Amino acid sequence: MGRQWRDGQGKLIVRTGGGSGAVAVPLEIAASYRARTKGLLGRDSVDGAMLLSPANSVHTFRMRMPIDVAYLDRDLTVIAVLTMKPWRLGLLRARARHVLESQAGAMEGWGLRVGVRVEVMVDA
């Protein structure tokens with residue numbers, strides 16, 4: 001079930017409380033090589049999250065802020081979540097197909113943790 005997106009905007013839906021509730025987070029989609037390479041570089045903050053796809057590793061070289069990173073498998077299930085300080089190299093996650101990035105501390109507030117499956121809704 002390969003997913004292919006285009007660069008653009010959307011919403012990240014995080015189901016909370018056993019599926020009874022949900023958090024909708026503004027989402028930037030970086031699907032092209034150029035957009036994935038730029039990522040969050042040069043920014044001082046993030047409104048929501050950025051989805052890098054396809055991706056299975058990230059770095060924070062030249063970043064101005066610490067970020068939360070969530071690695072997603074092909075079914076958009078979170079397989080790892082961590083906070084990275086600037087100037088770090090993240091480990092390659094072989095099962096990861098997509099990576100979410102957000103401002104440090106944001107993912108915990110959304111209830112995003114290992115085992116949670118997310119949805120991506122693309123703006124038309």
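Student: In which loop is Trp-87 found?
Tutor: This is a predicted model, in which local features need pLDDT of at least 70, side-chain atom pairs count only at pLDDT 80 or more, and totals for chains, interfaces and linings use all residues. Residues are numbered from 1 along each chain as its sequence is written, and side-chain values use heavy atoms, with hydrogens and water left out. Strands here are DSSP runs of E with at least two residues and helices are runs of H or I with at least four, numbered from the N terminus. On that basis Trp-87 is found in the loop between β5 and β6.

Student: Is Trp-87 buried or exposed?
Tutor: The classes rest on relative accessible area (buried under 20%, exposed over 50%, partly exposed in between; 1.4 Å probe, protein chains only). Trp-87 has a relative accessible area of 55%, so the residue is exposed.

Student: What is the phi of Trp-87?
Tutor: Most residues other than glycine have a negative phi. Trp-87 is not a glycine, yet its phi is positive, at about 65°.

Student: How are the rings of Phe-61 and Trp-87 arranged?
Tutor: They form the one aromatic pair in the structure. The ring centres are 6.0 Å apart and the planes stand at 50°. Rings of Phe, Tyr and Trp (its six-membered ring) pair if their centres lie within 6.5 Å, with planes under 30 degrees apart counted as stacked, over 60 as edge-to-face and the rest as tilted. The 50° angle therefore makes the pair tilted.

Student: How many residues apart are Phe-61 and Trp-87?
Tutor: Phe-61 lies in the loop between β3 (49-52) and β4 (67-72), and Trp-87 in the loop between β5 (78-84) and β6 (98-103). The pair thus links distant parts of the chain, and the separation is 26 residues.

Student: What is the omega of the peptide bond that joins Ser-53 and Pro-54?
Tutor: Pro-54 lies in the loop between β3 and β4. Most peptide bonds are trans. The bond from Ser-53 to Pro-54 is cis, with omega of about -5°.

Student: Is Arg-62 buried or exposed?
Tutor: Arg-62 lies in the loop between β3 and β4. Though not a glycine, Arg-62 has a positive phi of about 65°. Its relative accessibility is 57%, so Arg-62 counts as exposed.

Student: Which residues is Gly-115 in contact with, leaving aside neighbours within four places in sequence?
Tutor: Gly-115 belongs to the loop between α2 (106-110) and β7 (118-122), and at 52% relative accessibility it counts as exposed. From C-alpha to C-alpha, Gly-115 is 6.4 Å from Ile-79, which is 36 residues away in sequence. With contact taken as heavy atoms within 4.5 Å, the partners of Gly-115 are Thr-77 and Val-78.

Student: Which residues does Val-23 touch, not counting those up to four places away in sequence?
Tutor: Val-23 has its place in strand β2 (residues 21-30). A relative accessible area of 26% makes Val-23 partly exposed. Beyond the sequence neighbours, the residues that Val-23 touches are Leu-12, Ile-13, Val-14, Thr-16 and Trp-110.

Student: What distance separates the C-alpha atoms of Val-23 and Lys-11?
Tutor: Along the chain, Val-23 and Lys-11 are twelve residues apart.
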